Amino acid sequence: ERLSRMKSQFLAMASHDLANAIMALQASYELLNGSLGAGSGLDAEQKKRFAYIGGAVKQIGHLIQDLVDWEAIEKGKLRVSPEPVPASAIVEEALPGPQARAKSKGIAVAADVPTGLPPVLGDKTRLIQVLNNLLENAVRHTTTGGSITVSLRLSGADVLFSVKDTGEGLANGEAGRIFASFYQAESRSGGGRMGLGLSIAKEIVEAHRGRIWVDSPGPDRGSDFQFTIPVVAPSS
């Protein structure tokens with residue numbers, strides 16, 4: 001119990017101090033980005049490195065958020081505030097960042113969002129976090145020339161979200177472990193995060209009374225991460 005308290009205190013202090021530092025970096029990056037503008041005089045390689053800095057700052061921000069969320073989960077304090085929200089809006093707001101990174105890797109991204117879906121009962125910010133996490137995961141594990149498809153469909157009293165890729169896939173037995181805290185699937189692409197993102201996504205989905213799982217035929221045959229969120233009950 002003492003070690004657990006020490007760990008919690010350390011994570012709280014570390015995430016707070018890191019958050020302050022990353023906010024300063026983010027502000028500086030945005031200021032430079034705004035002042036440089038389109039006709040900045042940077043050559044192609046300099047522009048590429050400058051964009052990389054911006055991406056790295058965002059990545060560190062995600063890591064810090066993972067720490068904060070994991071600590072809240074450990075304490076049983078993860079909160080969601082469900083309200084009616086169009087499922088299409090979740091896709092629209094989660095897609096741009098991962099789509100830009102996929103484009104830089106030569107990966108095609110498509111969205112299949114039918115019209116007429118009923119709204120889901122969810123915390124919009126949290127559901128965007130889940131879908132963004134799954135999309136970023138797909139980008140990391142898909143190689144150049146591959147593709148990623150995010151789709152929605154009605155499944156009974158739920159909307160089913162799917163992020164399907166043509167990437168590395170999962171080895172036998174990994175599907176049952178991949179949502180555990182700090183578990184990282186073997187990857188030939190390198191990079192990645194701390195192994196918290198998928199476990200946090202699972203907690204968020206289950207807090208909405210939904211389910212999350214992954215289907216993968218095997219190595220080099222892609223993966224299909226899916227989760228369900230209940231639709232808003234019709235008025236009687």
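Which residue just after α2 takes a positive phi? Select Gly76: its phi is about 70°. Keep in mind as you look around that this is a predicted model.

Now step back into helix α2 itself, by selecting residues 44-74. With 31 residues at 1.5 Å a residue, α2 should span 45 Å, and its end C-alpha atoms are 45 Å apart, so the two agree.

Next up, the aromatic rings. There are two aromatic pairs to find here. For the stacked one, select Phe161 and Phe227: the ring centres are 4.5 Å apart and the planes sit at 5°, under the 30 degrees that stacking calls for, so this pair counts as stacked. Phe161 belongs to strand β5 (residues 158-165) and Phe227 to strand β7 (residues 223-230), so the pair ties together parts 66 residues apart in sequence.

For the last stop, select Phe179 and Phe225. Their ring centres are 6.1 Å apart with the planes at 80°, so this pair is edge-to-face. Phe225 is in strand β7, while Phe179 is in the loop between β5 and α6 (197-207), so to speak a link between distant parts of the chain, 46 residues apart. Both Phe179 and Phe225 are buried.

Note on methods. Residues numbered from 1 in each chain as written. Predicted model: local features only at pLDDT ≥ 70, side-chain atom pairs only at ≥ 80, totals over all residues. Heavy atoms only, no water. Phe/Tyr/Trp six-rings, centres within 6.5 Å; stacked < 30°, edge-to-face > 60°. Helix = DSSP H or I, 4+ residues; strand = E, 2+ residues; numbered from the N terminus. Buried < 20%, exposed > 50% of the residue type's maximum accessible area, 1.4 Å probe, protein only. Expected span 1.5 Å × (residues − 1).
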